[in-house]
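Student: Hi, could you walk me through a structure? I'd like to ask about it as we go.
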Amino acid sequence: MADIPWSTRMQAGFDREWTAGDVLAAQQTSLFRVELLDGIPLMSPLPTLRHQHVSGVLADILRRAVDDSGVGAVPFKSVNVRRGHRDVLRPDIAVVTSTAAIGALESDAVAFAPEDVLLAAEILSPGHEGADRIDKPARYAEWNIPSYWIVDPKTLSIDTYTLDGDVYVASGSAAPGAVATLPALTPITLDPGTLLRLW
């Protein structure tokens with residue numbers, strides 16, 4: 001079963017293909033995190049407090065890094081990235097171009113297009129690792145999102161991947177207790193141990 005993509009296993013729980021509209025509507029009331037991959041709804045429990053805290057601290061680190069570098073980009077937490085009617089993914093953090101951010105805020109949009117995204121980061125959740133390690137990065141690579149990060153909130157480790165052609169290749173890693181510089185839209189230096197800091 002571990003070799004079967006997570007999205008394929010989820011298909012058995014639904015009797016029809018969903019659309020992006022179905023998912024966007026479900027997100028308004030669902031007690032679960034709802035995404036869509038190839039018309040198959042992906043549902044996972046809402047994130048734990050630890051997950052949310054790690055996401056918030058990492059988003060702040062990314063915001064400072066892009067601000068200091070002058071890269072025209074803005075991090076968003078848990079935002080929809082949509083392509084067509086059969087795919088709506090929701091990375092824990094998406095760093096998008098400033099132009100896309102301004103346009104989305106002015107129009108009160110509910111999703112970004114994949115071409116707006118410079119970096120997608122997923123924070124692992126129990127029971128959802130197959131999607132975060134296999135299904136979602138495959139789609140992000142297909143969408144030509146340049147950088148992908150996987151963050152383990154239990155070990156506070158970060159693994160980074162950079163697009164090479166149409167696949168991601170490992171480009172860096174960091175563990176708590178050691179300062180590392182990770183490649184992305186701009187080099188980002190951090191100690192993952194700080195992801196649990198309270199101030």
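Predicted model: local features only at pLDDT ≥ 70, side-chain atom pairs only at ≥ 80, totals over all residues.

Student: Which residues of helix α4 are buried?
Tutor: Helix α4 spans residues 98–107, and its buried residues are A100, A101 and A104. They lie on the same side of α4, because they cover an arc of only 100 degrees around the axis.

Student: Why would residues a few places apart point the same way?
Tutor: An α-helix has 3.6 residues a turn, so residues three or four places apart point the same way.

Student: And what covers the buried residues of α4?
Tutor: The cover includes strands β3 (73–77) and β6 (93–97). The face turned away from the buried side carries T99 and E106, which are exposed.

Student: What happens just after α4?
Tutor: There D108 takes a positive phi of about 55 degrees.

Student: Switching to salt bridges: how many are there?
Tutor: The count comes to twelve. In one of them, R139 pairs with D87, with the closest N and O atoms 2.4 Å apart. That pair links distant parts of the chain, R139 being in helix α5 (residues 129–142) and D87 in strand β5 (residues 87–89), 52 residues apart.

Student: Are R139 and D87 buried or exposed?
Tutor: Both are buried. They also belong to a network of salt bridges that links E17, D38, R86, D87, R139 and E142.

Student: What about R33 and E35?
Tutor: Their side chains meet in a salt bridge at 3.6 Å, N to O. R33 counts as buried at 9% relative accessibility, and E35 is buried at 0%.

Conventions:
Residues numbered from 1 in each chain as written. Heavy atoms only, no water. Buried < 20%, exposed > 50% of the residue type's maximum accessible area, 1.4 Å probe, protein only. Helix = DSSP H or I, 4+ residues; strand = E, 2+ residues; numbered from the N terminus. Arc of directions from axis to C-beta. Contact = heavy atoms within 4.5 Å. Salt bridge = Lys/Arg side-chain N within 4 Å of Asp/Glu carboxyl O.
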